[in-house]
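Dear colleague,

Please find below the structure that I am handing over to you, followed by an account of what was found in it. I would be grateful if you read the two side by side.

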Amino acid sequence: MKKKLVVIGAGMASGRLLEHLFETAPDAWQVTLFNGEPRGNYNRLMLSPVLSGDKTYDDIVTHDADWYAAHGVDCRFGQPVVRIDRAARVVHSNQSSAEYDALVIATGSAPFIIPVAGKDLPG
Ligand SMILES: Cc1cc2nc3c(=O)[nH]c(=O)nc-3n(C[C@H](O)[C@H](O)[C@H](O)COP(=O)(O)OP(=O)(O)OC[C@H]3O[C@@H](n4cnc5c(N)ncnc54)[C@H](O)[C@@H]3O)c2cc1C
C-alpha cells in the first residue's frame, strides 16, 4: 500500500523533488499535485525567450502530461489550495480535497511590484 504524498505547487522546486522521489523510491508514494496555475512544471528561467518569441511554451515544459501519467501523479492543475486541515490531514483546493500522509508546500513566492504609475496597465 503506497503512502499518500500531497504536493502544493508545480514549480521548479517540486519538479526536482518529484524527479528525485521517483528515482529513489518509485513505488513508495501515491502523489497528488495541486497547482494554482492551469498547467504543470515549466522552466521559468526561460520565460523571457518565450515572451520575445525566440522559444515556444512547449520548448520550456520540463514535465509534460506523459511524464505525470507515467508516474501516476494525480494532477490537480488550476486548483489553488485554500486550506490545510492538519488535524484531519486533508488539503482543500477551490475544487477538491485530498488526504495526505506527508505534505510538501512548494508554492514559491510572489514578486514585489514597485508602486509606480502604470503598474496596473494590462500586460
Ligand atoms: C523570467 C524569469 C527568469 C528567472 N531567471 C532565473 C535565473 O536565471 N536563475 C535563478 O536561479 N532563478 C531565476 N528565476 C527565479 C526562479 O524561476 C525561481 O527562483 C524558481 O522558479 C522558484 O521555484 P519554486 O518551486 O520555489 O517556485 P515557483 O517555480 O514559482 O513555483 C511555485 C508554484 O506554486 C504555485 N502555487 C502558489 N500558491 C499556490 C496554492 N495556494 N495552491 C497551489 N499552487 C500554488 C504557483 O502557481 C507556482 O506554479 C527566474 C524567474 C523568472 C520569472
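This is a predicted model: local features need pLDDT of at least 70, side-chain atom pairs count only at pLDDT 80 or more; totals for chains, interfaces and linings use all residues.

Residues are numbered from 1 along each chain as its sequence is written, and side-chain values use heavy atoms, with hydrogens and water left out.

Is Asn 41 buried or exposed? Its relative accessible area is 3%, so Asn 41 counts as buried; buried means under 20% relative accessible area, exposed over 50%, and partly exposed in between (1.4 Å probe, protein chains only). The side chain of Asn 41 forms a polar contact of 3.2 Å with the side chain of His 63. A polar contact is a pair of N or O atoms within 3.5 Å; within protein, one must be able to donate a hydrogen and the other to accept it, and residues adjacent in sequence count only if both atoms are side-chain atoms. Leaving out residues up to four places away in sequence, Asn 41 touches Ala 10, Gly 11, Met 12, Gly 15, Val 61, Thr 62, His 63 and Tyr 68, where contact means heavy atoms within 4.5 Å.

Met 12, one of those residues, belongs to helix α1 (residues 12-24). With a relative accessible area of 37%, Met 12 is partly exposed. Beyond the residues up to four places away in sequence, Met 12 touches Asn 41, Tyr 42, Asn 43, Arg 44 and Leu 45. The C-alpha atoms of Met 12 and Asn 43 are 7.0 Å apart, although 31 residues separate the two in sequence.

**The ligand**

There are 16 residues around the ligand, and those that come nearest are Ala 13, Gly 36, Glu 37, Arg 44 and Val 81; a residue is near a molecule or strand if one of its heavy atoms lies within 4 Å of it. The shell divides into 7 nonpolar, 7 polar and 2 charged residues. Here Ala, Val, Leu, Ile, Met, Phe, Trp, Tyr, Cys and Pro count as nonpolar, Asp, Glu, Lys and Arg as charged, and the others, Gly among them, as polar.

Oxygen atoms of the ligand lie 2.7 Å from a polar side-chain atom of Glu 37 and 2.8 Å from a polar side-chain atom of Arg 44. At Val 81, a polar backbone atom is 2.8 Å from a nitrogen atom of the ligand. The protein buries 56% of the 1,000 Å² that the ligand exposes when taken alone; accessible areas come from the Shrake-Rupley method with a 1.4 Å probe, and for residues only the protein chains shown count as cover.

**The chain and its strands**

The chain has 3 helices and 7 strands, in the order β-α-β-α-α-β-β-β-β-β from the N terminus. Of its 123 residues, 29% are buried. Among contacts with a separation of 6 or more, 61% are between residues 24 or more positions apart.

Strand β1 (residues 3-8) runs parallel to β2, to which 6 bridges join it; two strands pair if DSSP finds at least two bridges between them. Val 7 stands opposite Leu 33 of β2. Strand β2 (residues 29-35) has 6 of its 7 residues buried.

Trp 29 lies in β2 and is buried, at 18% relative accessibility. Apart from its neighbours within four places in sequence, Trp 29 is in contact with residues including Leu 5, Leu 21 and Ala 102.

His 92, in strand β5 (residues 90-93), is buried at a relative accessible area of 19%. Its contacts, not counting residues up to four places away in sequence, are Val 81, Val 82, Arg 83, Asp 85 and Ser 97.

Arg 89 lies in the loop between β4 (81-85) and β5. Most residues other than glycine have a negative phi. Arg 89 has a positive phi of about 55 degrees although it is not a glycine. At 40% relative accessibility, Arg 89 is partly exposed.

Yours sincerely

How values were computed. Helices (H or I, at least four residues) and strands (E, at least two) are DSSP runs, numbered from the N terminus.
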